[in-house]
Amino acid sequence: MDDPRAPSGSDDADKQEWLARLEDVGEEPGYFKPLDNNHYAVLTEGSSTLLVTFETIESIRQNTEDEMPLGFELIAEKGWSHLGILSEGCTWFRSNSVYDYFDGLLDEGLFEEFDHVVFMGAGMCGYAAAAYSVAAPGCTVLVFNPQATLDPRVTEWDHRFKSSRRVSFTDRYGFAPDMVDAANQVFLLYDPEEEMDAMHAALFTRSHVTKLRCRFLGRDIMKAMIQMDILKPLVDAVCEDGDVAKRFHQLYRARHEYPPYLGRVLTHLDDDDRCIMSGMLCRYAASRVEAPRFKERLEKIETRLKSDGKTLPNIRRTRKNVAFQPLD
């Protein structure tokens with residue numbers, strides 16, 4: 001979610017070698033197309049479902065083992081078509097060359113060739129997915145940690161991304177909430193505890209927008225879902241026109257065994273000085289995940305309670321009654 005930075009030690013020769021690898025992948029079937037010095041498009045042809053992803057080169061090269069776009073992995077098993085739009089640096093995909101590229105796709109009727117088109121991205125890339133979805137009326141949009149605009153006249157309350165404040169958000173494909181009006185369905189995933197993200201999500205309020213709240217999952221929900229191994233099945237549900245909200249809530253149960261989520265809940269309880277609930281959470285977490293911090297914290301809480309003549313409730317775990325249920 002923070003402004004992307006080029007990886008240390010990278011140089012132009014290394015970048016060109018990586019782009020050459022990407023070009024080899026995109027050439028058959030499909031194409032690889034530089035749009036300008038900072039933006040690239042790679043199309044791989046498959047079935048009548050098209051997944052359009054927006055990613056940064058920095059995140060691809062830092063966060064994937066094969067240094068290939070996440071979109072490649074998401075469509076591989078299903079054989080869907082894929083259009084990846086890549087940026088280098090904190091561009092927010094705000095470039096005349098990107099505008100012209102999507103104008104051209106619209107004129108060519110590319111999106112009309114597919115039965116189902118899904119636009120997807122997170123943070124800055126999620127902004128772009130929502131903004132450019134207007135080029136494919138009737139599509140589905142999946143956005144993580146939504147951003148509506150950085151236009152200070154609209155979001156002067158957002159103190160993040162200061163280095164991007166000079167980027168123009170007032171020309172074509174500008175205000176993302178207006179751009180999703182042509183979509184069939186929009187799914188926004190955000191953490192309501194992240195105040196700025198929640199305020200951006202509020203700007204997207206529309207009848208066809210479904211807000212999927214991921215409380216205590218933080219500022220990088222897509223990464224968390226990858227770590228919980230639930231991103232791909234969620235994308236499958238979106239691309240296959242399933243009951244996305246129902247599938248999300250089923251998959252999201254995985255957070256109950258995800259240490260970062262449990263850690264944020266613990267911090268929330270500690271901030272409210274809810275010692276008993278903190279102890280119950282630590283007891284639950286210590287029995288479910290490999291994270292010594294919860295066991296250590298549990299011992300401290302039990303010591304504190306003992307000094308006060310108290311103990312944690314001894315609640316037997318049954319189907320209808322569990323010792324601790326993490327907060328939603």
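Tutor: Two rings of Phe, Tyr or Trp count as a pair if their centres lie within 6.5 Å. This is a predicted model.

Student: Which residues form one aromatic cluster?

Tutor: Phe54, Phe93, Tyr99, Tyr101, Phe102, Phe111, Phe119, Tyr132 and Tyr173 form one.

Student: And how many aromatic pairs by this rule?

Tutor: The count is 17. One of them joins Trp92 and Tyr127, with ring centres 5.9 Å apart and planes at 65°; planes over 60 degrees apart count as edge-to-face, so this pair is edge-to-face.

Student: Where do Trp92 and Tyr127 lie?

Tutor: Trp92 is in the loop between strand S4 (81-87) and helix H4 (96-108), while Tyr127 is in helix H5 (residues 124-132), so the pair ties together parts 35 residues apart in sequence.

Student: Are Trp92 and Tyr127 buried or exposed?

Tutor: Trp92 is buried, at a relative accessible area of 1%, and Tyr127 is buried at 0%.

Student: What about Phe111 and Phe119, how are they paired?

Tutor: They form a tilted pair, 5.7 Å centre to centre with 50° between the planes. Phe111 counts as buried at 8% relative accessibility, and Phe119 counts as buried at 0%.

Student: New topic, helix H14. What span should its 16 residues have?

Tutor: At 1.5 Å a residue, H14 (residues 292-307) should span 22 Å, and its end C-alpha atoms are 23 Å apart, which agrees.

Student: Which residues of H14 are buried?

Tutor: Phe294, Leu298, Ile301 and Leu305. These residues cover an arc of only 70° around the axis, so they are on the same side of H14. An α-helix has 3.6 residues a turn, so residues three or four places apart point the same way.

Student: What covers the buried residues of H14?

Tutor: The cover includes helix H12 (259-271) and helix H13 (275-288).

Student: And which residues are exposed on the other side of H14?

Tutor: Pro292, Lys295, Lys300, Thr303, Lys306 and Ser307.

Student: What follows H14?

Tutor: Gly309 follows H14, and its phi is positive, near 75°.

Student: Which ring does the charged end of Arg293 sit over?

Tutor: The ring of Phe294, at 5.1 Å from its centre. Elsewhere, the charged end of Lys33 sits over the ring of Tyr31, 5.0 Å from its centre.

Note on methods
Residues are numbered from 1 along each chain as its sequence is written. This is a predicted model: local features need pLDDT of at least 70, side-chain atom pairs count only at pLDDT 80 or more; totals for chains, interfaces and linings use all residues. Side-chain values use heavy atoms; hydrogens and water are left out. Helices (H or I, at least four residues) and strands (E, at least two) are DSSP runs, numbered from the N terminus. The expected span of a helix is 1.5 Å times one less than its number of residues. Buried means under 20% relative accessible area, exposed over 50%, partly exposed in between (1.4 Å probe, protein chains only). The arc is that of the directions from the helix axis to the C-beta atoms. Contact means heavy atoms within 4.5 Å. Rings of Phe, Tyr and Trp (its six-membered ring) pair if their centres lie within 6.5 Å; planes under 30 degrees apart count as stacked, over 60 as edge-to-face and the rest as tilted. A charge sits over a ring if NZ of Lys or CZ of Arg is within 6 Å of the ring centre and within 35 degrees of the ring normal.
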